[in-house]
Amino acid sequence: MASHGFWSLGGENAGDNTGNQSPSTTRAWCQAAAQKLSGSGGIGSKLCALLNVGEAEKPTEPSAKEPETTAETCGCNKPCNCSKAAVGFSDLYSTDLLPALNGDTKTMTFLQEVVDILLAYIVESFDRETKVIDFHYPNELLQRNNWELSDEPETLDDILISCRATLKYAIKTAHPRYFNQLSTGLDMVGLAADWLTSTANTNMFTYEVAPVFVLLEYVTLKKMREIIGWQDGRGDGIFSPGGAISNMYAMLLARFKMFPEVKEKGMSSVPRLVAFTSEHSHFSIKKGAAALGIGTESVICIKVDESGKMIPADLERRILEAKQKDFVPFFVSATAGTTVYGAFDPLIPISDICKKYNVWMHVDGAWGGSLLMSRRHRWKLDGVDRANSVTWNPHKMMSVPLQCSALLVREEGLMQNCNQMHACYLFQQDKHYDLSYDTGDKALQCGRHVDIFKLWLMWRAKGTIGFESQIDMCLELSEYLYNKIKDREGYEMVFDGKPQHTNVCFWYLPPGMRSMEDKEEKKKRLHKVAPVIKARMMEYGTTMVSYQPQGDKVNFFRMVISNPAATFQDIDFLIEEIERLGQDL
């Protein structure tokens with residue numbers, strides 16, 4: 001099958017050696033790019049030159065001498081009419097760029113330089129021969145560069161140096177061997193959408209200042225509600241600054257639904273409210289309770305089973321206990337994809353309990369909600385259509401660039417009634433268009449970033465089936481990892497059974513610990529293994545994977561896969577790297 005994307009540039013001249021060439025060979029790509037883009041302002045050549053950011057971290061290889069270019073030339077390697085040759089940045093400042101008079105040429109040249117830096121970083125990020133991280137301790141990194149702010153402006157040359165330095169020490173979250181967080185990878189269409197969004201530089205509060213973006217949010221939220229299973233996609237929703245804020249929105253709406261007077265009179269006007277969530281739920285549920293004045297002590301944690309799923313019987317027991325104390329149960333947050341175990345709470349029995357006791361049911365699907373896009377895996381969220389609200393973070397399993405989090409609400413108009421303040425300087429009632437598209441008054445924020453365009457454009461580019469394929473592949477990789485290590489010497493699974501999501505939780509026992517008979521001493525030493533191996537991963541820069549304790553369980557690795565660039569070979573590499581870095585512990 002023909003290759004696509006960056007690496008296809010070298011395919012037609014690869015000859016019989018194509019099968020032996022790694023698509024992660026940056027140098028080969030650059031040579032092909034320089035030829036393909038020879039008439040494009042020297043972008044290909046500039047990519048090769050700029051890839052010296054981090055090049056010292058790789059073994060050097062002899063190469064043909066490149067044509068020399070002086071500081072005065074544009075780097076096109078042939079006669080041209082580029083404006084670059086006439087522009088130097090050592091004596092230019094931001095005030096020389098647009099909107100400065102005659103600043104258009106300087107602006108375009110400066111931005112092209114920035115784009116060149118970004119393109120070089122992108123190519124390098126997908127190269128398995130480069131480091132995931134060039135790690136330095138905080139005090140060391142502070143001393144290596146001058147990060148301080150000054151009263152006097154710096155030249156544009158200094159600004160470009162700062163851009164390069166920032167990316168040099170950044171974590172390559174697009175790297176195929178970066179598994180540290182739930183949000184990984186870098187989608188090219190999503191990146192392009194993010195650039196466009198920043199260029200448009202507008203606010204999401206009214207249709208008059210963001211007409212296209214407001215309409216795209218309307219269309220996309222409706223589509224997401226349809227996928228959840230709400231009839232005709234009816235309801236409401238909003239994109240917020242992350243899953244924690246989406247969860248807090250849900251709690252806010254649940255309180256307002258039960259006690260609308262709280263909006264004006266505050267918590268003193270309502271009885272003692274209590275919320276319920278599992279022991280393995282995200283900390284944002286308690287944070288939301290603290291921020292809303294409900295209090296963390298009013299969040300009751302429900303027991304989970306061995307695999308991390310909420311136990312419905314314990315939920316009902318705790319609701320009855322709260323009612324006996326004259327507390328008012330108002331909110332249950334079930335989790336679809338817990339952060340550590342990747343567990344999916346049983347939504348159908350939970351929804352039955354919520355209906356029985358008239359309690360708002362929220363589903364925190366920040367991590368697992370995207371499985372709704374997969375026909376193979378959406379059964380794990382059976383019952384989600386019964387929820388009053390759902391959090392769904394496309395910036396996780398769907399690899400939409402950060403940030404992109406949606407709260408979906410079943411009842412239309414509730415968000416508006418809960419949050420509106422009728423600011424007459426923004427939300428005038430005598431505008432000449434449909435005021436329902438002025439969405440800002442239903443948000444807690446006034447200024448709201450445009451997060452929708454990244455998701456919408458990626459959806460157009462991939463289609464629903466493209467997202468489905470991407471998600472299915474990540475889950476296939478996680479099952480591959482599980483099958484590789486479940487019976488492998490030196491590994492122990494944290495809980496039995498196949499992973500429910502892409503979370504694979506395990507301990508690695510170095511050779512010197514495997515025959516230890518003193519269980520307490522073994523447990524004490526095992527607690528230190530994952531942190532040491534993780535530190536070594538970062539110092540070598542080869543890969544990154546998270547670890548943590550959970551309850552009475554000592555530190556274990558939590559492997560998560562959401563990076564579309566990852567392959568079976570990267571999973572094999574991870575296993576071998578853990579063993580290499582931990583064999584002497």
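How many helices and strands are there in the chain? The answer is 16 helices and twelve strands. Please keep in mind as we go that this is a predicted model.

Let us begin with the chain as a whole. Of its 585 residues, 50% are buried. The accessible surface comes to about 28,300 Å², and carbon and sulfur atoms account for 52% of that surface. The contacts also tell us how the sequence is brought together: among those between residues at least 6 apart in sequence, 71% join residues at least 24 apart.

Is Asn-247 buried or exposed? Its relative accessible area is 2%, under the 20% limit, so Asn-247 counts as buried. The side chain of Asn-247 makes a polar contact with the side chain of His-362, at 2.9 Å. Leaving aside residues up to four places away in sequence, Asn-247 touches His-362 along with Ser-284, Ile-285, Phe-331, Asp-364 and Thr-391.

Next comes the loop between helix 2 and helix 3, where several details are worth a look. Tyr-93 sits in this loop. With a relative accessible area of 31%, Tyr-93 is partly exposed. Which residues does Tyr-93 touch, not counting those up to four places away in sequence? They are Pro-153, Glu-154, Thr-155 and Leu-156. The C-alpha atom of Tyr-93 is also separated by 9.1 Å from that of Ile-159, a residue 66 places apart from Tyr-93 along the chain.

Staying with this loop, we come to Pro-99, found between helix 2 (43-50) and helix 3 (104-125). The peptide bond that joins Leu-98 and Pro-99 is cis, with omega at about 15 degrees. Asn-102 lies in the loop between helix 2 and helix 3 too. Although Asn-102 is not a glycine, its phi is positive, at about 60 degrees. Asn-102 has a relative accessible area of 63%, which means that this residue is exposed.

Asp-326 is located between helix 11 (312-324) and strand 5 (328-335). Phi of Asp-326 is near 65 degrees, a positive value in a residue other than glycine. Is Asp-326 buried or exposed? Its relative accessible area is 64%, so Asp-326 is exposed. A cis peptide bond joins Leu-402 to Gln-403, and here omega is about -5 degrees.

Our last stop is a pair of helices. Two packed helices are described by the distance between their axes and by the angle between those axes. For helix 15 (residues 519-540) and helix 16 (residues 568-582), the axes come within 9 Å and cross at roughly 105 degrees. Because that angle falls in the range from 65 to 115 degrees, helix 15 is roughly perpendicular to helix 16. On the helix 15 side, the contact is made by Ile-533, Arg-536, Met-537 and Tyr-540. Helix 16 contributes Leu-574, Ile-578, Arg-580, Leu-581 and Gly-582. Sorted by class, the contact of helix 15 with helix 16 has six nonpolar residues, one polar residue and two charged residues.

How values were computed: Residues numbered from 1 in each chain as written. Predicted model: local features only at pLDDT ≥ 70, side-chain atom pairs only at ≥ 80, totals over all residues. Heavy atoms only, no water. Helix = DSSP H or I, 4+ residues; strand = E, 2+ residues; numbered from the N terminus. Buried < 20%, exposed > 50% of the residue type's maximum accessible area, 1.4 Å probe, protein only. Contact = heavy atoms within 4.5 Å. Areas by Shrake-Rupley, 256 points an atom, 1.4 Å probe, with all protein chains shown as cover. Axes fitted to C-alpha atoms, helices over the stretch in contact; angles between N-to-C directions. Parallel < 35°, antiparallel > 145°, perpendicular 65-115°, else oblique. Nonpolar A, V, L, I, M, F, W, Y, C, P; charged D, E, K, R; others polar. Polar contact = N/O pair within 3.5 Å; in protein donor to acceptor, adjacent residues only side chain to side chain.
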